[in-house]
Amino acid sequence: MSYEGVRVDDASAQVSDVTANVTANVAVNATAGVEPASEFSKRLAVLDVTDFSVDYGVGDATVRAVNEVSFSLERSRVLGVAGESGSGKSTLVYALTRLLRAPGVISGGEAVLHVSREDGRVEALNMTTASEAALRSVRWSHVSIVLQSALNALNPVLRVRHEFDEVLKTHRREMSRAQRRARSAQLMALVGLNEDRLARYPHELSGGQRQRVMIALALALEPELVIMDEPTTALDVVTQREIINELNSLRSQFGFAMIFITHDLSLLVELADEIVVMYAGRIVERATAADLYATPMHPYTLGLLNSFPPLSGERRELTGIPGSPPDLSDLPSGCTFHPRCPYAMARCERETPELVVDERRGRSVACWLHVDHDSPPTPVELSGRRLRATVPVGAREEAQ
Amino acid sequence: MRLVTRRLGLYAVTAWVAVTVNFLLPRLMPGNPIQTLIGKLTGQVTPGEIRAIRLSFGLGFHQGLIAQYFTYLTQLLHGNLGVSITLGATVSSILRQSVPWTVGLIGVSTIVSFAVGTFAGTWLGWTRGSRLDSLIPTATFFQAVPYFFLATVMLLIFGSDLHWFPVLGAYSQNVTPGWNWTFVSNVIRYGELPVISIVLSSVAGWMLGMRNMMITMVGEDFVLMAVAKGLPRRRVIMHAARNAILPSIANLSLAIGLVVSGALLVELVFNYPGVGDLLLQAVLNEDYPLIQGIFLVITLTVLAANLIADVAYFALDPRTRTEVAT
């Protein structure tokens with residue numbers, strides 16, 4: 001692929017240019033609609049992640065928290081990342097943005113961020129090898145992040161105004177004091193907050209207000225990509241609902257791409273275009289939100305779906321997933337989910353299923369239930385929304 | 001605002017209690033300063049002479065305790081702390097001579113130590129685990145060595161042997177005290193070694209405190225956010241340091257409170273004419289008016305330092321401004 005030429009490993013020249021010509025093509029293509037496998041859709045991508053692995057610690061005590069994860073996120077799209085605590089979802093995004101702290105290390109793969117510069121050019125920046133200076137140039141102006149607890153994410157001794165001022169001062173040096181004030185007020189209005197809140201300290205705001213401030217702050221420089229790490233987990237359901245609506249309307253207004261991390265799969269179904277489900281550091285299923293909701297293929301996905309009441313739609317029984325997430329330093333053999341899986345077969349204990357792309361359906365799953373079949377296996381049993389424990393899978397297949 | 005007035009009221013009450021205890025303590029203690037003084041005199045002392053001595057120290061009037069207390073308060077309000085028994089001058093004039101030396105020496109040392117320790121601690125906390133960490137045991141060593149030993153050794157090596165610094169006293173015998181550069185520079189020159197010794201022996205506390213708080217703060221989400229915002233490193237460190245410094249500010253106020261009283265060893269080793277030296281003499285001579293005066297000054301400085309700390313905390317940490325519902 002010609003695109004490979006853009007990838008640069010040399011730290012002295014991480015940024016290379018894609019010609020303005022390409023950008024023009026991209027614009028035309030965007031209006032024509034996106035073809036998933038086309039050359040152009042690749043260039044429309046805002047983030048390409050290939051075989052990305054993250055370890056904690058070095059030497060014998062190494063624990064692999066993210067294992068050969070690959071995905072691509074297109075402009076203005078929402079990628080949902082779901083999974084339990086310890087599934088590696090937060091580690092993944094912190095590593096992608098190089099915010100991961102020691103002892104976390106990126107141990108393999110790469111992440112390429114496609115940065116739209118002011119003059120319309122698109123530059124590819126390899127985040128895994130980028131220098132501190134190159135990272136600073138894309139941070140917040142191109143990739144911003146919203147954390148779970150806004151109370152901890154806002155400096156407790158600084159006024160809200162200061163947070164806005166600082167970001168604008170650092171990245172928009174040409175702005176005057178008055179312009180910065182006006183912009184801050186405008187951003188606050190965007191998330192439905194009065195500008196007098198700018199003079200407040202974080203502890204004087206409610207949880208919902210703080211999270212709105214964080215979202216306003218994340219949009220301050222109109223980045224192409226906003227990463228949301230469980231932004232609504234610490235909020236009550238009513239506020240959660242408001243924030244989600246807010247995000248949807250802001251997204252239609254500004255068209256930023258979003259990576260939304262949560263363990264609440266039913267929330268993602270409403271918000272995301274595409275969802276990846278992670279378990280023990282691996283992607284176990286990837287599908288569009290609608291497909292994933294209607295026909296979950298991986299038993300773990302089904303378990304997650306049955307763990308949360310849907311924000312809207314019919315009521316259903318909540319069952320949850322038996323057992324607890326595996327210890328990353330002592331993973332089960334074969335498929336790491338097999339000890340908790342009601343569909344586990346003998347094979348699952350021995351062999352690790354690869355993430356297999358189902359071209360026809362445009363989705364992928366890493367589960368022995370869905371491989372070695374000429375025709376795609378029917379996910380009917382799974383989509384029936386009930387975990388029927390220890391159903392003899394072989395018997396079912398014969399019956400068909 | 002109500003919070004401020006309540007605080008000020010609290011300080012007024014504390015000051016009053018301190019003054020009252022200061023009044024009562026010498027009167028409750030055994031012994032009598034006049035007896036001590038008479039004991040020092042040689043030869044025959046007539047009852048008339050004793051009366052004269054009592055009168056000269058303002059003790060001639062046979063008042064009740066309550067009346068004495070109000071006399072004491074009234075005199076205090078006029079800045080009258082009585083007359084020193086051994087030195088024969090008013091306590092306030094003696095204090096006016098010695099307090100500035102101590103405040104200058106220990107105050108400067110405390111501030112230098114705080115500044116150096118805090119900066120070093122900030123950097124050590126940020127670069128934790130690096131080779132710079134070896135600074136910590138070095139600094140702790142100097143704090144662990146007894147101060148009089150450290151100071152004496154420094155005085156011997158750098159003062160007597162190498163002649164890098166002048167020894168003994170606050171200024172040279174060859175200059176006349178006054179507000180001119182010759183005198184001031186001489187005072188600074190004489191102050192160098194004492195200041196260095198104090199800083200060396202106290203910097204570890206500031207450094208460790210700041211470093212440990214920095215390590216805690218660096219793990220906080222808002223520091224991660226500062227990095228994610230693409231801020232230059234200096235500003236990221238500031239985000240952490242701004243929060244990490246709060247406990248150090250509280251400690252600084254306590255240290256400032258001890259500026260007047262904590263100078264005894266320094267002043268003895270370096271023969272510095274300050275309050276510590278004065279207090280020692282006063283105690284040895286049972287000079288009650290002087291002891292009382294020094295105690296009063298010490299108490300009031302500690303109170304004032306606490307007040308300053310409260311105000312500083314108020315200004316630096318908005319969370320303390322939230323009024324607690326009563």
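Helices here are DSSP runs of H or I with at least four residues, strands are runs of E with at least two, and both are numbered from the N terminus.

**Ground rules.** I note that this is a predicted model, where local features need pLDDT of at least 70, side-chain atom pairs count only at pLDDT 80 or more, and totals for chains, interfaces and linings use all residues. Residues count from 1 along each chain as its sequence is written, while chains are lettered from A and ligands numbered from 1 in the order in which they are written.

**Helix 3 of chain A.** I looked up burial here (buried: 20 or more other C-beta atoms within 10 Å of the residue's own; exposed: 12 or fewer; partly exposed: in between; C-beta atoms placed from the backbone). Among the buried ones I found A:Lys89, A:Leu92 and A:Tyr94. Just after this helix, A:Arg98 has a positive phi of about 60°.

I counted contacts next (C-beta atoms, placed from the backbone, within 7 Å). Chain A puts 21 residues into the contact and chain B puts in 17. On the chain A side, helix 5 (150-153) and helix 6 (160-171) each supply at least two residues, and helix 6 gives the most, with 4. I sorted that side by class (nonpolar: Ala, Val, Leu, Ile, Met, Phe, Trp, Tyr, Cys and Pro; charged: Asp, Glu, Lys and Arg; polar: the others, Gly among them). It has 10 nonpolar, 8 polar and 3 charged residues. The predictor gives the complex an ipTM of 0.77 and a pTM of 0.77.

**Chain B overall.** I found 13 helices and 0 strands in chain B. Of its 326 residues, 30% count as buried. I also checked pLDDT (the predictor's confidence in each residue, from 0 to 100). The chain B mean is 83, with 90% of residues at 70 or more.

**A helix pair in chain B.** How do helix 10 and helix 13 of chain B pack, and at what angle? Helix 10 (residues 233-257) and helix 13 (residues 288-316) pack at about 165°, with axes 7 Å apart (axes are lines fitted to C-alpha atoms over the stretch in contact; angles run from 0 to 180 degrees between N-to-C directions). The two are therefore roughly antiparallel (over 145 degrees; under 35 is roughly parallel, 65 to 115 roughly perpendicular, the rest oblique). Their contact includes B:Leu246 and B:Ile249 of helix 10 and B:Ala305 and B:Tyr313 of helix 13. By class I get 12 nonpolar, 4 polar and no charged residues there.

Methods. Two residues are in contact if their C-beta atoms, placed from the backbone, lie within 7 Å.
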